[in-house]
Amino acid sequence: MTAHRIHLRSDLTRVEILALLGTAGALDRRQIATRLRLGDATVHEHTRRLLASGYLRTLAPQAGVVGRPRIPLQVVPEAAATVGVRVATDHLVTVVAGLDGRMISSDVSPFDCHADPIPQLLAVINHRLADPVVGSRLKAVGVATPSSVDPATGFIRFCPRFGWTDLPLGERLRAELAIPVLVDNDLRASTTAELLYRTGLEHDDFLVLGIGDGVGLGAVLHRRVHRGPSGLSGEFGHTPVAATGPRCACGARGCLETFTSDHGILRAARRRGLAEAATTIEELRARWASREPGLADLLAEIGAILGRAVAGVVNLLGTPTITVIGENHVLWPGLEPGFSAAMRTSQVTAAHRVRVIVRPWSDAQHALGAASLALAAPETLA
Ligand SMILES: [Zn+2]
């Protein structure tokens, strides 16, 4: 088998340039180099290629500038598009994004994680490829899954929530599609989107904490999404935080996720008599939104468990900026007191002066992240 390997590290620069111009508007090469902390030669080479491909256009030289005229560059959003798919337990979110990272369309379809995922994914992807408006502009597909996956090959080693092991998802999709396919972990996909379009516009180093039906932590270090040698980073939810406790989907006991995910929060609520067996996380979120008494203590306790685990990472990496994403971001005001207290447990941890940014979340965010990863695949904009 010839390994189909994708090297994201070197190629994200080109997408960073497109994302910056899509977000900030037209900039000249010097401004791009300054904003992205890149060398002039690197910016020159990437913009030359992007101009030659028609993905950037030049505007009239800026008047009134002393010295050589500066030529603003503008992204051509409609010159290409990518598809991003978020794979959740019971549904798929499919988005089409332009070159500037903006969403052109988004929709949701049912998904059965216990059935073969390939035909289900091909159905939504082929539907976009057949679209008379954007189909011919689609250059690549990104798929975000809640799994341990090597993005270089799209090989899923382990997906406890879906019961998948050793699934060559990338290889099987590539065999059926004529455009590049990139498969990555969903939290890393969203971390990439944060780097390109949001937190990364102001910070070179930060963490992305995803809280929802799972718990994950992405790390951006020196403007690169950390992936680990085999691409298996980010499995923060399986950090062992207790010697005993409920069994996790991964097979172990005492994983962080079993205390802080949807299931963990509901289990703790039931134990305190704050929830019935049939209570859903949506109901609990709604009750927190109306500040039902009793929930504050419960959430603060869960926030403290989360905070102690994140404090270890902050102390290790020295990254004080944390962006919170995910369905349970609405519970953050309840989680925050315990989380912040955990960040003050020692002078060392407190010295980092952790700053938390909470993002409004929509189900399409992981899919949009997958679309931006697809844009970074080397053959996408070749
Ligand atoms: Zn686990």
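**A loop residue and its surroundings**

Mentor: Start with Ser233, which touches His226, Arg227 and Gly228, leaving aside residues up to four places away in sequence. Touching, or contact, means that the C-beta atoms of two residues, placed from the backbone, lie within 7 Å. Keep in mind that this is a predicted model: local features need pLDDT of at least 70, side-chain atom pairs count only at pLDDT 80 or more, and totals for chains, interfaces and linings use all residues. Residues are numbered from 1 along each chain as its sequence is written.

Where is Ser233? Look in the loop between strand S13 (224–225) and helix H7 (256–260). Helices (H or I, at least four residues) and strands (E, at least two) are DSSP runs, numbered from the N terminus. Ser233 counts as buried because it has 20 C-beta neighbours inside 10 Å. The cut-offs are these: 20 or more other C-beta atoms within 10 Å of a residue's own is buried, 12 or fewer is exposed, and in between is partly exposed; the C-beta atoms are placed from the backbone. Now compare sequence with space. Ser233 and Gly273 are 40 residues apart in sequence, and their C-alpha atoms are 36 Å apart.

Next, go to Arg188, in helix H6. Arg188 is buried, because 29 C-beta neighbours lie inside 10 Å. Arg188 touches Gly218, Val225, Arg227 and Gly234, again not counting residues up to four places away in sequence. Arg227 is also among the residues that Ser233 touches. Take Val225 as well. Arg188 and Val225 are 37 residues apart in sequence but 7.3 Å apart in space, C-alpha to C-alpha.

Now follow H6 to another helix. Two packed helices are described by the angle between their axes and the distance between the axes. The axes of H6 (residues 186–197) and H13 (residues 365–376) come within 7 Å and cross at roughly 75°. Those axes are lines fitted to C-alpha atoms, for helices over the stretch in contact, and angles run from 0 to 180 degrees between N-to-C directions. H6 brings Asp186, Ala189, Ser190, Thr192, Ala193 and Leu196 to the contact. H13 brings Gln365, His366, Leu368, Gly369, Ala370, Ser372 and Leu373. These residues divide into six nonpolar, six polar and one charged. Here Ala, Val, Leu, Ile, Met, Phe, Trp, Tyr, Cys and Pro count as nonpolar, Asp, Glu, Lys and Arg as charged, and the others, Gly among them, as polar.

In the largest nonpolar core, of 99 residues, Val85, Val143, Ala367, Ala370, Ala371 and Ala374 touch the most other members. Such a core is a set of buried Ala, Val, Leu, Ile, Met, Phe, Trp, Tyr and Cys residues joined through C-beta atoms within 7 Å. Helix H10 (residues 295–317) gives the most to this core, with nine residues. Ala367 touches Gly84, Val85, Arg86, Val93, Thr94, Val95 and Ala144, with residues up to four places away in sequence left out.

Finally, step back. The domain assignment, an automatic or database one, gives domain 1 (8–77), domain 2 (79–192 + 365–376) and domain 3 (200–358). The C-alpha centres of domain 1 and domain 3 lie 37 Å apart.
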